[in-house]
Amino acid sequence: MRVLEYTVTADFDGKKLYTFLKAGIHASARTVTKLRHSENGLRINGAHARTIDILKTGDRITVELPEVESNIPATQFDDLDIVYEDEDIMVVNKPPFLAVHPTHNHQGDTLANEFAAYFRSKGESIPFRAVGRLDKCTSGLVILALNRHSASVMSANYDKTYIAIVDGEYHGNGTVDRPICRPDPGKTLRAVGENGERAVTHWSAECTNGEMSVLRITLETGRTHQIRVHFSSLGTPLAGDEMYGSKNKLIGRAALHCAKVELFHPVNGKKMSFSAPMPEDMQKLTDIILEGAKA
């Protein structure tokens with residue numbers, strides 16, 4: 001059970017508790033509804049409270065988040081690479097070739113299953129809530145919300161920086177602004193298309209050997225396969241990306257890694273930054289490019 005406590009500031013003096021929940025701690029409408037129907041969900045100065053109650057400066061607000069059991073099987077096949085953990089969020093470094101969520105093709109061998117096993121070992125059962133997902137082939141940082149409130153606050157409260165290795169020569173920096181669509185609703189494959197949703201990718205070149213380049217990438221939008229589709233549409237797909245490019249004998253997957261995450265903590269508002277080094281396969285390929293750049 002996660003219990004959050006707040007002190008009402010002058011900004012909310014004379015305002016309803018509902019206003020404080022929405023504007024003060026950014027609780028979602030769904031969370032507020034759950035709290036309203038929970039016996040001890042909301043309290044003011046220790047007494048049961050309603051969302052219509054009027055607040056005074058200095059009032060102590062207690063929010064008791066309802067417990068929810070996880071329904072994902074706990075399967076321990078590796079140790080979670082935990083970068084950070086507290087009562088509200090967890091940041092893990094996901095290895096390549098590991099799916100984030102269970103699917104028809106992945107049952108019991110996902111990050112979600114390993115997450116469930118980790119908390120089961122601590123005697124806890126916490127639903128798996130990934131804030132922004134990574135493709136199975138992509139390595140790097142994944143944010144996990146450990147309660148309903150954190151999940152709703154974190155949904156658009158973070159920035160990621162990726163490292164990608166692409167075929168082709170890049171210098172300087174630039175932006176790809178091309179809409180992405182799903183040509184066949186029955187397939188995961190995406191493509192650039194005029195009938196798609198707007199997608200914006202910003203990149204800067206780290207190094208190149210003339211044949212491949214290492215890019216640092218940030219996203220303005222978050223479409224499925226956005227980085228992979230955008231660079232493929234430019235004729236420079238990610239190295240090793242068989243779905244949008246071709247095989248590469250130097251790496252057995254799309255060369256994409258989430259290297260940095262910046263966020264504001266969902267409860268205390270503190271700005272936080274986390275990083276994860278490139279895994280061995282991408283580091284080896286980067287070293288090859290660096291050697292070529294020096295030649």
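Two strands are taken to pair if DSSP finds at least two bridges between them. In this predicted model, strand β10 (residues 173-177) pairs with strand β13 (residues 200-208) in the antiparallel sense, over five bridges. Within this pairing, asparagine 173 has serine 204 of β13 as its bridge partner.

Strand β13 also pairs in the antiparallel sense with strand β14 (residues 212-219), here over seven bridges. In this second pairing, cysteine 207 stands opposite valine 214 of β14. The hairpin formed by β13 and β14 has three residues between the strands, and glycine 210 in this hairpin adopts a positive phi near 95°.

Helix α5 spans residues 226-233 and is mostly covered, with six of its eight residues buried. The buried residues are Gln226, Ile227, Arg228, Val229, His230 and Phe231. Glycine 235, which follows α5, likewise has a positive phi, near 80°.

The side chain of serine 150 reaches the backbone oxygen of aspartate 88 at 3.2 Å.

Terms used
Residues numbered from 1 in each chain as written. Predicted model: local features only at pLDDT ≥ 70, side-chain atom pairs only at ≥ 80, totals over all residues. Heavy atoms only, no water. Polar contact = N/O pair within 3.5 Å; in protein donor to acceptor, adjacent residues only side chain to side chain. Helix = DSSP H or I, 4+ residues; strand = E, 2+ residues; numbered from the N terminus. Buried < 20%, exposed > 50% of the residue type's maximum accessible area, 1.4 Å probe, protein only.
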